[in-house]
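Here is a friendly walk through a two-chain model for anyone meeting it for the first time. Take a look at the sequence and the picture, then read on.

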Amino acid sequence: MSLTNKTFAETLQVQVKFKLHAYLGMIVYLIMVQIVGILMSLMGPTGMSSVSSFIDINAEMYTPTVLIFLSNLWAFYVGLLMTRHDQRADIMPFVSTRIMSSIGDVVVLVALAVYAGITAMLSNYVVRIVILLKSNKHMLSDENMFSAPEVFIENLVAFIFFILCFAAVGYFLGMIAQKSKKVLFIIVAVFFSMLFTSFGQEILLGTIKIAQFGLFSFMGVMIILSASCFIVATFLAGNLEVKG
Amino acid sequence: MSVIQCENIEKKFRKKKALQNITFQIEDEKITGLVGRNGTGKTTLLRILAGFTKQTSGTVTVFDKTPFNNLFVSANSILINDQMQFPGSFNLQDILNYATEFYGKWDAELAARLLQYFRLNPQSYHSDLSKGMKNTFNFIFGLATRCDVTLFDEPINGMDEAVRKDVYRALLKDYLAYPRTIIISSHFLDEMEHLLEDILLLDEGKVALHKSLDELREYAVGLLGPTEAIKRWTAGLEVLHEKQVVSNQMYTVLKAQDCTFNEQQLLQEGIAFMPVSANDLCLYLTNSRTGDIDDVFNE
């Protein structure tokens, strides 16, 4: 009897490759979501008009809010999906442990968040190009990746961490649901009831204030939140039994 | 050398005990048949051995390690069943390609040849296959991993007779070339008796019997003859099974160790000794019902 001895790192590497391949279909959903985001951004600008006898000014503000919102929703869904019984069972015919599988999920979610962040950022540029192509429009704020690379990178990093945070929350809630639907209900109920207490509102506002302080504080908040969700979810996954 | 050791395993699902006081050892390089009626805990036991689920109490070791959440056990064991799932976006070839990367002893050539023999298109998707074809692919997957502990849970469900015969043959040939520890749970004991060395019989979540097939064949004896004579000879003995064959003829199964009769005397009274097949014996040992299905229809 000659037994195989595989290291954690080499098995995890294969597993990440496997999962990336398995979740490739999610990219198609992301593209669809971001196309919808582009269309919605173009359709609904907030604006103001000023008319005098000589000049007619119509200012419209296009923001990537819808794009980010939809990308976050997608990330939340992917995080949630990964915790489902059938999704977790897909890796079971292969070499794995529950904790390794969960770490693999986290790596894949990070990779997908990076991809989603980049495409969301680029979709934002698609919105700008379409606006420019419309007649009689002039771009007032036209920082781009060449004229202001630091703004571009800052926005890109913020997009990625924001999307990752939603994926992490989805993964965390999904894992809680797999463990116990009652606990999930209690967590969601406690979270929303906290929002109606002064203590809960203070915490929320404090967190938002810290996040608004600058890129690094925003990143810090997102990293702490995402890491906490991933660590708790991985711990829970370690004890979950798999059907099939 | 024992590869699998279980001591006093108990598994509860809510309040129901699926397994209780399960203690046995399985030696290296043996094919063991795991048999028992529906709902006796065969699948639960295999899932515990594969590390898919945790026992409620007791100790389980595979290669001297606890299988649950253990990478070493996972790398050297596999559980094949009809609930196996693969990502929906993978075709069969993708699955086999990844298996090469995951399993150190994966035999890609064997997998490809078996796939071709069983006419499974490598470009087709696992979820699109019929039940029998799905199980054929799962079997190929399990065989080609060459894992030192290979667990098959009802591997032949849905396969037609010709495929089943080929599967048994393939399993035997590969086992002879690469001996390893194999456990097969199946309801088709008659068909696969020639493969097995040991039988582990479960009944109501407990080990009813764990013996070599040779020992099992000698475990019981059937007596066929006049009812009155059989009743007289078997009085006070533990009867494993009895059935009225025709109005005055009876068939009775007894433990062989209890049959210390004079064979000549029995023959003179018209009683014949009959061998009891392993499959029948397993049925008799696990039958808690009184009477048989005919009695349901006879008022």
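## Helix against helix in chain A

Start with two helices of chain A: α6 (residues 149-179) and α9 (residues 215-237) have axes that come within 8 Å of each other and cross at roughly 25 degrees. With an angle under 35 degrees, α6(A) counts as roughly parallel to α9(A). The crossing of this pair is left-handed. As for the residues in the contact of α6(A) with α9(A), 24 are nonpolar, one is polar and two are charged.

One thing to keep in mind from here on: this is a predicted model.

Helix α6(A) has another partner, α5 (residues 98-133) of chain A; their axes are 8 Å apart and the packing angle is about 140 degrees. If you want to find the contact in the structure, look on α5(A) for residues including D105(A), L109(A), A113(A), G117(A) and M121(A), and on α6(A) for residues including N155(A), F159(A), I163(A), A167(A) and Y171(A). Sorted by class, the contact of α5(A) with α6(A) has 15 nonpolar residues, two polar ones and one charged one.

Helix α9(A) also has another partner, α8 (residues 198-212) of chain A, and this pair packs at about 135 degrees with axes 6 Å apart. Which residues meet here? On the α8(A) side they are T207(A), I210(A) and A211(A), and on the α9(A) side S217(A), F218(A) and V221(A). Four residues of this contact are nonpolar, two are polar and none is charged.

| Helix pair | Angle between axes | Distance between axes |
|---|---|---|
| α6(A) and α9(A) | roughly 25 degrees | within 8 Å |
| α5(A) and α6(A) | about 140 degrees | 8 Å |
| α8(A) and α9(A) | about 135 degrees | 6 Å |

## Chain A as a whole

Now step back. How many helices and strands does chain A have? The count is nine helices and two strands. Following the sequence, they come in the order α-α-β-β-α-α-α-α-α-α-α. The C-alpha trace of chain A spans about 90 × 45 × 30 Å along its principal axes.

An unreviewed UniProt entry lists "transmembrane region" for residues 20-42, 62-82, 103-131, 151-176, 183-201 and 213-238 of chain A. Take two of these stretches and see how the model builds them. Residues 103-131 of chain A are 100% helix and 0% strand, with 42 Å between the end C-alpha atoms. Residues 183-201 of chain A are 84% helix and 0% strand, and there the end C-alpha atoms are 23 Å apart.

## Over to chain B

Chain B comes in two parts, domain 1 (2-216) and domain 2 (218-297). Taken over C-alpha atoms, the centres of these two domains are 35 Å apart. The domains do touch: 16 residues of domain 1 of chain B are in contact with nine residues of domain 2 of chain B. On the domain 1 side, α7 (189-192), β8 (198-203), β9 (206-212) and α8 (213-217) of chain B each supply at least two residues. Of these, α8(B) gives the most, with four residues. That domain 1 side is made up of eight nonpolar, one polar and seven charged residues.

The unreviewed UniProt entry for this chain annotates residues 4-229 of chain B as "domain: ABC transporter". In the model, that stretch is 35% helix and 30% strand, and its end C-alpha atoms are 46 Å apart.

## Where the two chains meet

Finally, how do the chains come together? Between them, 28 residues of chain B are in contact with 29 residues of chain A. On the chain B side, the elements that give two or more residues are α2 (71-76) and α3 (92-102) of chain B. The largest share, five residues, comes from α2(B). By class, the side of chain B that touches chain A has 14 nonpolar, nine polar and five charged residues.

How values were computed: Residues numbered from 1 in each chain as written. Chains lettered and ligands numbered in written order. Predicted model: local features only at pLDDT ≥ 70, side-chain atom pairs only at ≥ 80, totals over all residues. Contact = placed C-beta atoms within 7 Å. Nonpolar A, V, L, I, M, F, W, Y, C, P; charged D, E, K, R; others polar. Axes fitted to C-alpha atoms, helices over the stretch in contact; angles between N-to-C directions. Parallel < 35°, antiparallel > 145°, perpendicular 65-115°, else oblique. Left-handed = near helix turned anticlockwise from the far one by under 90°. Domains from an automatic or database assignment. UniProt positions renumbered as here; feature names shortened; annotations may be inferred.
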